[in-house]
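Please read this briefing with the sequence and the model side by side. The points are grouped by topic, so that each residue can be located before its surroundings are described.

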Amino acid sequence: MVVGENLKSKNMLKNHALAMSISDVGWRMFISMLEYKAPMYGRTFVEVDPAYTTQQCSECKFRMGTNNTHKLTLKDREWTCPNCETHHIRDWNASKNILAKGLIELLKPLTEDSPIYK
Ligand SMILES: [Zn+2]
């Protein structure tokens, strides 16, 4: 299974630098290719909502920006969860959350709107 974030999020587009780099690398095209190539190789591709994939601790589900904590900024490449004290590498933590969201999507009954490509 391959899980990707749906990056049509407003926050991304509000950030000019990010919007530019996403269009530069053709992220949307990359995701489209995963969508149609995954089934050709017997894989399942799932697209998930990117909400909180960065801010949430993949161990205890604590969300930064709650309980008087600061939200992580782009400069925070590593951080320690104030709730469970797990030390995270930002993108590794986010990838665990993205995978978990993808697995949850797989467990839901399929509908026409399912973001799953088999
Ligand atoms: Zn935690």
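Q55 of this predicted model has a relative accessible area of 12% and is therefore buried, since buried means under 20%. Q55 belongs to the loop between β2 (45-48) and β3 (78-80), and a polar atom of its side chain lies 2.9 Å from the backbone nitrogen of L72. Leaving aside residues up to four places away in sequence, Q55 touches F62, R63, M64, K71, L72 and W79.

**Other residues of the loop between β2 and β3**

- P50 is likewise placed in the loop between β2 and β3, and because its relative accessibility is 18%, P50 counts as buried.
- Although P50 and N97 stand 47 residues apart along the chain, their C-alpha atoms are separated by 9.3 Å; N97 is itself listed among the buried residues of helix α4.
- N67 is also in the loop between β2 and β3, but with a relative accessibility of 65% N67 counts as exposed, the threshold for that class being over 50%.
- The backbone of N67 has a phi near 50°, which is a positive value in a residue other than glycine.

**The zinc site**

- The zinc ion is coordinated through the SG atoms of C57, C60, C81 and C84, at 2.3 Å.
- The angles among the 4 donor atoms run from 105 to 113°, and the site is tetrahedral, because four donors are classed in this way if all angles lie between 85 and 135 degrees.
- Along the sequence, the donor residues follow the spacing C-x2-C-x20-C-x2-C.

**The loop between β3 and β4**

- N83 lies in the loop between β3 and β4, and when residues up to four places away in sequence are not counted, N83 touches C60 and F62.
- C60, one of these two partners of N83, is also one of the residues that coordinate the zinc ion, while F62 is also among the residues that Q55 touches.
- E85 is found in the loop between β3 and β4 (87-89), where E85 takes a positive phi of about 70° although it is not a glycine.
- With a relative accessible area of 62%, E85 is exposed.

**Helix α3 and the residues that follow**

- Helix α3 (residues 27-40) has 14 residues, which at 1.5 Å a residue should span 20 Å, and this agrees with the 20 Å between its end C-alpha atoms.
- The expected span is taken as 1.5 Å times one less than the number of residues.
- I31, E35 and A38 are the buried residues of α3.
- An α-helix has 3.6 residues a turn, so residues three or four places apart point the same way.
- Just after α3, G42 takes a positive phi of about 70°.
- T44 lies in the loop between α3 and β2, and because its relative accessibility is 18%, T44 counts as buried.
- T44 and L106 are 62 residues apart in sequence, yet from C-alpha to C-alpha they are 9.2 Å apart in space.

**Helix α4**

- Helix α4 (residues 90-107) consists of 18 residues and reaches 27 Å from its first C-alpha to its last, which is close to the 26 Å expected at 1.5 Å a residue.
- The buried residues of α4 are R90, N93, A94, N97, I98, G102 and E105.

**The chain as a whole**

- The protein chain contains 4 helices and 5 strands, and from the N terminus on these elements run β-α-α-α-β-β-β-α-β.
- Of its 118 residues, 29% count as buried.
- Among contacts with a separation of 6 or more, 56% are between residues 24 or more positions apart.
- The accessible surface of the protein chain comes to about 8300 Å², and 57% of that surface belongs to carbon and sulfur atoms.

Note on methods: Residues are numbered from 1 along each chain as its sequence is written. This is a predicted model: local features need pLDDT of at least 70, side-chain atom pairs count only at pLDDT 80 or more; totals for chains, interfaces and linings use all residues. Side-chain values use heavy atoms; hydrogens and water are left out. Helices (H or I, at least four residues) and strands (E, at least two) are DSSP runs, numbered from the N terminus. Buried means under 20% relative accessible area, exposed over 50%, partly exposed in between (1.4 Å probe, protein chains only). Contact means heavy atoms within 4.5 Å. Accessible areas come from the Shrake-Rupley method with a 1.4 Å probe; for residues, only the protein chains shown count as cover. Donors are N, O and S atoms within 2.8 Å of the metal (3.2 Å for Na, K and Ca); water is not among the atoms, so sites may look incomplete. Four donors count as tetrahedral if all angles lie between 85 and 135 degrees; four count as square planar and six as octahedral if opposite donors are over 155 degrees apart and all others between 65 and 115; anything else is irregular. A polar contact is a pair of N or O atoms within 3.5 Å; within protein, one must be able to donate a hydrogen and the other to accept it, and residues adjacent in sequence count only if both atoms are side-chain atoms.
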